[in-house]
Amino acid sequence: MLNADHLRTFLAVADTGSFTAAATRLGFTQPAVSQQIRALEAQLGPVELFRRSGKQMRLTRAGEELVGHARELVVLAERAERHMLGLQGHVTGHVALGCAPSTGERILPALLAAFRGNHAEVQFTVDVGPTERLLQWLTDGSLQAVVVDEHPRRRSLEVLALGREPVVCLAARGHALLGATAVSLHDLRDMPLIVPQRGSPQRRMIEDLFRRRVGPNLGLNIALETDSTTLAAQAAADGLGLAFVPQHRAPKTRDLGLLAISGLEIELTWVLVRSRSAEEGSAVDALWSFAASAEGRKLLLRLGLKAARSTTEEAAR
């Protein structure tokens, strides 16, 4: 039976083109790498897996044939190892995540930090992008789970509702409307606005609300489109316009105030999403379980999110 450690060493040499470089990558000595390659060659034939070309070690025909099989076997071996460790409550591995911009700036980092308090050996990478792009990356396997601000209507995806929060309107200190006793959406008709980019869930909600409450033919006076809530808040503070941001992203600063608008009824729902068909490792499963646990829910509530509706309720909205 092939030795998974020998196959990892073989792949390291194939990738780096050098026994010395492979040894550095693996934390071995160069003689140890040479010994493992010789042992693998003896078990397989004997055959030669590499030939020297100048200072480089290049794959032979046999080595080229082995590379694909070796990668598959190493992946299977690592998956089996993670699963066995998971059964013992020991979670390791790497998780590729994605999130919408505003989530990446607050909710997801807090969730990951709390999770790693119990599972310090799990590593993460996070890609930030628009919801549709994230869901496409999830579908094609580039990501293992994503946190977005809209319930995806796809049967192939499993959804865990994390929480809800309202959208608020920020205005620079000294703005005329901050001192008004009653502000309606009609009062914002000619005001310069700072809104998320077209196509985002929050942008659609804002446009739908104005069409219903102010008029179907209303053209918003948009001064800035951005999915960065940090940029939106700063632009509002500098007087560029009124900014619509999730409540938890409203900065506590003397330069900004919250505009109380009657009828501003926009509520975002954050959800964690993964593919139903993907063979996820124990690290993804553990993160999912943590987000759904009482500890995870308490963390989300501390961040300012309201209790999440069930996924059935969200799908029906």
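A residue is called buried when its relative accessible area is under 20%, exposed when that area is over 50%, and partly exposed in between, using a 1.4 Å probe and protein chains only. You are looking at a predicted model, in which local features need pLDDT of at least 70 and side-chain atom pairs count only at pLDDT 80 or more, while totals for chains, interfaces and linings use all residues. Residues are numbered from 1 along each chain as its sequence is written, and side-chain values use heavy atoms, with hydrogens and water left out.

**Stop 1: His6.** Select His6, which sits in helix H1 (residues 4-16). Helices (H or I, at least four residues) and strands (E, at least two) are DSSP runs, numbered from the N terminus. Is His6 buried or exposed? Its relative accessibility is 17%, so His6 counts as buried. Contact means heavy atoms within 4.5 Å; leaving out residues up to four places away in sequence, His6 touches Gln36, Ala39 and Leu40.

**Stop 2: two packed helices.** Show the side chains: Phe19, Thr20, Ala22 and Ala23 of H2 meet Gln30, Val33, Ser34 and Ile37 of H3.

**Stop 3: a cis bond.** Move along to the loop between H3 and strand S1 (50-53), where you will find Pro46. The peptide bond joining Gly45 and Pro46 is cis, with omega about 15 degrees.

**Stop 4: helix H7.** Select residues 131-139, which form H7, and colour its buried residues: Thr131, Leu134, Leu135 and Leu138. Why are they on the same side of H7? They cover an arc of only 95 degrees around the axis, taken from the directions from the helix axis to the C-beta atoms. An α-helix has 3.6 residues a turn, so residues three or four places apart point the same way. The partners that these buried residues of H7 pack against include strand S3 (93-99), strand S4 (122-128) and helix H8 (201-213). After H7 comes Gly141, with a positive phi near 90 degrees.

**Last stop: Leu188.** Select Leu188 and show what surrounds it. Beyond its neighbours within four places in sequence, Leu188 is in contact with Leu177, Val183, Leu193, Phe210, Leu242, Phe244 and Ile261.
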